[in-house]
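Reader: I have the model open and a few things to ask. Can we go through them one at a time?

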Amino acid sequence: MFVFHAIQKNISRHRKKSFLSVLISCMIVLFLLLYMGNIEKNQAQLLRLGRTIPVTGSICNIDGSQDVGLQIDFGMLKKMRDTGLIKDEVTAMEIWAALPGTYSESAMGILFRFEGTNSFSIFSSFTPKDVSYIDNYDESFLKGSEAVCIVRDRFMREQNIKLGDELEVEAYAPKYDDEGQTIDDFEKIGLVKMKVIGSYKSKTQSRNEAPYIISSDKFMESIYEGTNVKSYASAARFTLRNSLKINEFKDEMEKIGFLPTNMRSGFSRVGKALTINDETFIMSATQLTESLNMLKSFAPLIFIIVAAIGFISSYLLMQSRQHEFAIMRSLGTGRGKCFRIIFLESMILALLGSIIGAFVSGFIVNLMFKTTVTVLAVFLIFYMMGTAIALLLLNRFSVMAVLSKTD
Amino acid sequence: MVKLSILKAKEVSYVYKSKYQTVEAVSDVSCTFDTGKVYAIVGHSGSGKTTFLSLLAGLDLPTKGEIYLEDKPMSTLDRDKYRRNTASVVYQSFNLFPLLTALENVAYPMELKGVPTKEAKEKAKELISKVGLEERIYNQLPLMMSGGEQQRVAIARALAVGGKILLADEPTGNLDTANGNIVVELLGKLAHDEGYAVIIITHDMSIADRADVVYTMKDGKLATKGGSFNGTTS
């Protein structure tokens with residue numbers, strides 16, 4: 001009771017010193033909260049980076065020379081999907097087609113490209129705007145498995161095909177050797193009948209750059225059903241669900257069996273390498289991470305400085321009250337009680353100052369409640385540690401030496 | 001008044017040790033202090049009298065020898081409790097709490113012992129009146145009082161301890177003759193009328209002349225003994 005009474009009296013009587021203590025604590029806490037606010041802001045920016053700068057990627061061949069027209073194992077694609085790390089997956093399948101009875105091994109020229117995909121974004125030679133449909137059909141046919149297709153306008157003219165016609169073609173899959181090299185041979189998959197629901201105008205006149213027939217990838221997969229011909233994807237692109245997990249993604253892909261591209265490797269159509277467009281993300285993330293790490297690296301020093309300020313300010317404030325402590329000791333107040341009174345007095349003032357500092361900081365930075373409480377707690381611990389050391393040093397004076405000094 | 005030996009120093013020595021030198025401030029001092037008497041310990045600056053007073057006040061322990069409080073060795077006692085209940089010190093520079101009023105200063109030793117504030121203040125008023133101060137002084141801060149008033153408040157605070165040992169270190173050193181007389185008379189009364197053992201450290205021989213017993217200290221040793229209290233100063 002006496003201790004609390006003495007503390008209350010001390011605080012109210014030493015108004016200037018009490019105010020100074022509160023002000024010092026308030027300023028330190030304000031500084032710490034602004035510092036933490038900077039760290040939190042950088043962390044939030046880093047988290048937002050994943051949304052603002054998406055990391056995209058595609059499967060390519062080992063020398064990185066192409067990311068379409070490949071032989072990609074569906075098993076690897078499934079494993080990639082199963083990691084849960086990718087989204088917006090775009091895949092394509094590529095086969096060769098011929099009008100019934102027109103293909104023979106000696107006349108390859110009559111084979112034309114037929115692709116199945118789930119998105120037009122896989123093609124660079126036209127955009128969805130270049131496609132016209134018959135009634136009741138639109139781009140959404142790519143998401144289904146209906147036996148429908150769109151056909152290149154040039155092919156329609158050449159073969160006299162009209163929108164709404166039923167197109168019948170023989171489907172052939174290219175043959176590959178063990179190293180993924182195409183050999184000049186094709187394997188017949190079967191006869192395919194599809195309704196022509198639209199046509200598209202390719203920006204390029206090259207026969208190879210745009211397929212002649214496009215269906216959904218699901219429909220194309222169904223062409224293989226009941227045959228012994230193995231199907232492959234010809235292209236696959238994706239976006240990382242969380243750009244920040246780029247390293248985790250790379251590790252997972254390595255485990256699955258994807259390799260980094262190697263320009264010195266020979267050409268192959270096997271799609272088992274990855275191209276990841278992460279330069280912009282990594283550059284921005286590196287800058288943010290570096291500044292975050294730099295801010296964080298100051299933390300130990302900052303808290304040591306807080307303890308030092310606690311020590312110095314308490315030492316100076318208490319030193320000027322040494323005479324008062326000597327009187328207390330002379331009247332029989334024990335060292336422990338003296339320490340308790342002054343320590344608790346300092347703690348109350350520091351707590352008051354830190355609460356005011358936290359309140360003021362609310363107008364400047366928007367910190368999480370948990371962070372604010374943590375900063376206050378850490379500040380109080382370090383500040384009071386400094387105060388305790390100062391008091392222990394000051395409590396070792398000779399009472400008689402202090403009180404016998406004449407004014 | 002029955003005079004009992006309350007404090008006894010037996011072969012007491014105190015050595016200050018610093019990095020560069022060792023000084024024996026008090027050397028083999030033996031003496032006794034009875035209640036109801038005024039003792040003066042006189043000596044020049046550096047003779048060891050203030051160090052001896054701090055040993056009697058329990059602020060330090062002798063490096064050799066022992067001080068006994070009613071035959072109990074000081075080294076075995078709780079010395080903070082000894083100052084809270086038995087011995088109090090009055091200093092040359094008064095040493096009142098600068099931001100407490102006269103009433104609060106006097107009430108402090110009682111509050112320290114757990115006496116409720118209101119009760120302590122009532123008792124403080126009685127003690128202030130006992131040292132001859134008026135009611136107007138109650139709420140004055142030390143800086144607002146004269147030296148004589150401050151010293152009397154300091155004596156009232158010493159009385160608030162409630163013990164029978166009153167130690168005074170040059171109590172008139174900062175006072176004019178008139179106020180010095182008042183303080184010395186007051187200390188004499190406390191010894192003779194109320195049975196305090198009053199031990200005054202001084203280099204003022206006029207005060208020593210008025211003590212019942214005079215000890216002279218020189219180079220840490222207690223040299224001579226004598227004197228009689230007559231209640232006035234020259």
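Reader: Start with A:F2. Leaving aside neighbours within four places in sequence, what is A:F2 in contact with?
Author: A:F2 is in contact with B:E111, B:L112 and B:G114, once neighbours within four places in sequence are set aside. Contact means that the C-beta atoms of two residues, placed from the backbone, lie within 7 Å. This is a predicted model, where local features need pLDDT of at least 70, side-chain atom pairs count only at pLDDT 80 or more, and totals for chains, interfaces and linings use all residues. Residues are numbered from 1 along each chain as its sequence is written, and chains are lettered from A and ligands numbered from 1 in the order in which they are written.

Reader: Where is the place of A:F2?
Author: A:F2 sits in helix 1 of chain A. Helices (H or I, at least four residues) and strands (E, at least two) are DSSP runs, numbered from the N terminus.

Reader: Now the whole interface. How many residues of chain A are in contact with chain B?
Author: 18 residues of chain A are in contact with 23 residues of chain B. On the chain A side, helix 1 (2-13), helix 9 (322-330) and helix 12 (399-403) each supply at least two residues. The chain A side divides into six nonpolar, eight polar and four charged residues. Nonpolar covers Ala, Val, Leu, Ile, Met, Phe, Trp, Tyr, Cys and Pro; charged covers Asp, Glu, Lys and Arg; the others, Gly among them, are polar.

Reader: Helix packing next. How do helix 2 and helix 8 of chain A cross?
Author: Their axes come within 11 Å and cross at roughly 175°. Helix 2 of chain A is therefore roughly antiparallel to helix 8 of chain A. Axes are lines fitted to C-alpha atoms, for helices over the stretch in contact, and angles run from 0 to 180 degrees between N-to-C directions. Under 35 degrees is roughly parallel, over 145 roughly antiparallel, 65 to 115 roughly perpendicular, and the rest oblique.

Reader: Which residues make the contact?
Author: Helix 2 of chain A brings A:K17, A:L20, A:S21, A:I24, A:I28 and A:Y35, and helix 8 of chain A brings A:I302, A:V306, A:I309, A:S313 and A:L317. By class, that contact has eight nonpolar, two polar and one charged.

Reader: What do the buried residues of helix 8 of chain A pack against?
Author: They pack against helix 2, helix 10 (335-361) and helix 11 of chain A. Among those buried residues are A:V306, A:G310, A:F311 and A:M318.

Reader: And helix 2 with helix 11 of chain A?
Author: Helix 2 (residues 15-52) and helix 11 (residues 369-394) of chain A pack at about 135°, with axes 10 Å apart. The two are therefore oblique to each other. The contact has nine nonpolar, three polar and one charged residues.

Reader: What about A:N160?
Author: Its phi is near 60°, again positive in a residue other than glycine. A:N160 is in the loop between helix 4 (153-159) and strand 6 (166-176) of chain A. A:N160 counts as exposed, because it has 7 C-beta neighbours inside 10 Å.

Methods. A residue is buried if 20 or more other C-beta atoms lie within 10 Å of its own, exposed if 12 or fewer, and partly exposed in between; C-beta atoms are placed from the backbone.
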